[in-house]
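Here is a short briefing to keep beside the viewer. Take a look at the sequence and the fold, and then let us walk through them together.

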Amino acid sequence: MSGAGLVVRDLSVGYGPVRALRRVSLEVPEGAVVTVLGANGAGKSTLLRAISRTLSFHGGAVTGGTVTLDGRRLDRLSPDRVVAAGVCQVPEGRRVFARMKVADNLRAGALGGSGSGRSAALARVHELFPVLAERAGQRAGLLSGGEQQMLAVARALMATPRVLLLDEPSLGLAPLMARRIADTVREINTQGTSVLLVEQNAALALRLATRAYVLEVGEVTLSGPAAELSASDEVRRRYLGVVDEDAAADAEQATDRTLTRWEG
Amino acid sequence: MSTFAEILLNGLSLGSVYALIALGFVVIFRATEVVNFAHASLLLAGGYVTAVLHDDIGFWPALLAGIAGAALVGAAVEFLVMRRYRGTDHSVLAIVTIGVDILLTTELTRRIGTDVLTLGDPWGDAVLRLGPISLAHTRIAAFVAAALLITAFLLAFRYTSWGVAMRAAAESAETAALMGVRLGRVSMGAWAVAGGLAAVAALFLTVFPTPGLERATSLAALKAFPAAILGGLDSTTGALVGGLLVGVTESLATGYQSDLTFLGRGLGDLAPYLVMVAILLIRPAGLFGTKELARV
């Protein structure tokens, strides 16, 4: 693995005696969208917590491995320094500050940034999500689920991160709204922000990502280009819900196979 | 009627001082979810610094030193003690604050001894007479100072980055951390602000008609506790309303003590707690507190 972008190497995490991640390695190259797929309890959110250094809120700790951004170690920093280094997470379940106004939520998001360029960041999120400008004075708790997800993403963008960590952005949203969020993620990436996307909605995630990793019980069991993973019989059957007999044939026909299976 | 108006105004003044203390409770609770039982000792520390310095450097510099001293003690307690226990159950942290309170109060009462220390305030025992109503200058000063400080605090809470960080941390510490909020700084700031407010409250709890700062002053500070609880421990508005309610209740109960002798003596001290219990029976989260909701 090269040192450019976000690199996770041999990361192990435990919650007390329970090992939640075992020697997980992945890479988010500069400007890429990378997705991590997996069922409930596979360790997807734990992976993001380990990167953003918030495991301690859940009684967890990194027991081995490294996380670097352009070669700089992040795994010994406090959460605020991880944000300042350029990695910001949108937590699962949106977690907007419900009692605060939309505008104050965005101000809170900017607290982790450098301070300069706040107005540019605000202009960017208002351009991405015009509804947030219209509802600036409204309490965040009164927004719809989709709008709250927009606010959660916008709040993270206020810190002008280089890498955006998205934890289940489509969770609980209507298909139309999930597609809209996906379009926005694509737009954010086009503007130069790398994205590490953790999703249960594998179809959506694989459409967005260039590379994908499959996590099972805390271990990376499959990784490769997203297009190839989409065509893989195993992924189609287990994560895309495709059960037709052509799936295996499709997978066989996929040329230039570069999927790698973990040999642990 | 004039007696009633006088008692009411005195009660509002006293209540505004309680509101300052209650605001300290609330600020710490919102920033850290810890009920701070060491608040009374912060108040005593601030008052003590002002009392020992005013002869040498004058009242106003001594008051500033008292505010800074109490803020420093608060910040030090957070940094040296509370931070070490971060992530521990909040009930445990509350008990830790009782330990801190015992340590601080023991040292301060040892220093104060049996003395009654004056704080050298410029108002003395002067009284303003408005027709039939008499009002001590100290009471007016207390009300004005508390109103100014509370207004400044609320503006800062709403409009500054510090306020946004504190409100974010109060809603969800983890999410605030994900946004880059420095929780340690927010928590230390809350303890420092609470200490500073307590030092101002110490001044107005010990000026005329009270003889001065003594060992029992910290007990008077505890009356702000029902104020914070009945207002709702996580509500700044609740702290203000609760403080005023406790002040007026205490003032009325003391003022009409002679008409209430059948209830026994010391009703003024008891009344705030009775009001707190009555309100909590009707509204368990306090008047403005956030109700705990659970998805089922």
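This is a predicted model: local features need pLDDT of at least 70, side-chain atom pairs count only at pLDDT 80 or more; totals for chains, interfaces and linings use all residues.

Strand β1 (residues 6-15) of chain A pairs with strand β2 (residues 18-28) of chain A, in the antiparallel sense and over 7 bridges.

**Around strand β1**
- A hairpin is formed by β1(A) and β2(A), with 2 residues between them.
- Gly16(A), in the turn of that hairpin, has a positive phi of about 60°.
- β1(A) is also joined to strand β4 (residues 60-69) of chain A, by 8 bridges and again antiparallel.
- Within β4(A), Thr68(A) is the bridge partner of Val7(A).

**Chain A as a whole**
- Chain A holds 11 helices and 11 strands.
- Its radius of gyration is 18 Å, which agrees with the value near 18 Å for a compact globule of 264 residues.
- Along the principal axes, the C-alpha atoms of chain A fill a box of roughly 55 × 40 × 30 Å.
- Buried residues make up 48% of the 264 in chain A.
- Of the contacts in chain A between residues at least 6 apart in sequence, 68% link residues at least 24 apart.

**Where chain A meets chain B**
- On chain A, 23 residues are in contact with 17 residues of chain B.
- The elements giving two or more residues to this side of chain A are α2 (79-85) and α3 (102-110) of chain A.
- By type, the residues on this side of chain A are 11 nonpolar, 6 polar and 6 charged.

Note on methods:
Residues are numbered from 1 along each chain as its sequence is written. Chains are lettered from A and ligands numbered from 1 in the order in which they are written. Two strands pair if DSSP finds at least two bridges between them. Helices (H or I, at least four residues) and strands (E, at least two) are DSSP runs, numbered from the N terminus. Two residues are in contact if their C-beta atoms, placed from the backbone, lie within 7 Å. Ala, Val, Leu, Ile, Met, Phe, Trp, Tyr, Cys and Pro count as nonpolar, Asp, Glu, Lys and Arg as charged, and the others, Gly among them, as polar. The radius of gyration is taken over C-alpha atoms; the globule rule is 2.2 Å times the number of residues to the power 0.38. A residue is buried if 20 or more other C-beta atoms lie within 10 Å of its own, exposed if 12 or fewer, and partly exposed in between; C-beta atoms are placed from the backbone.
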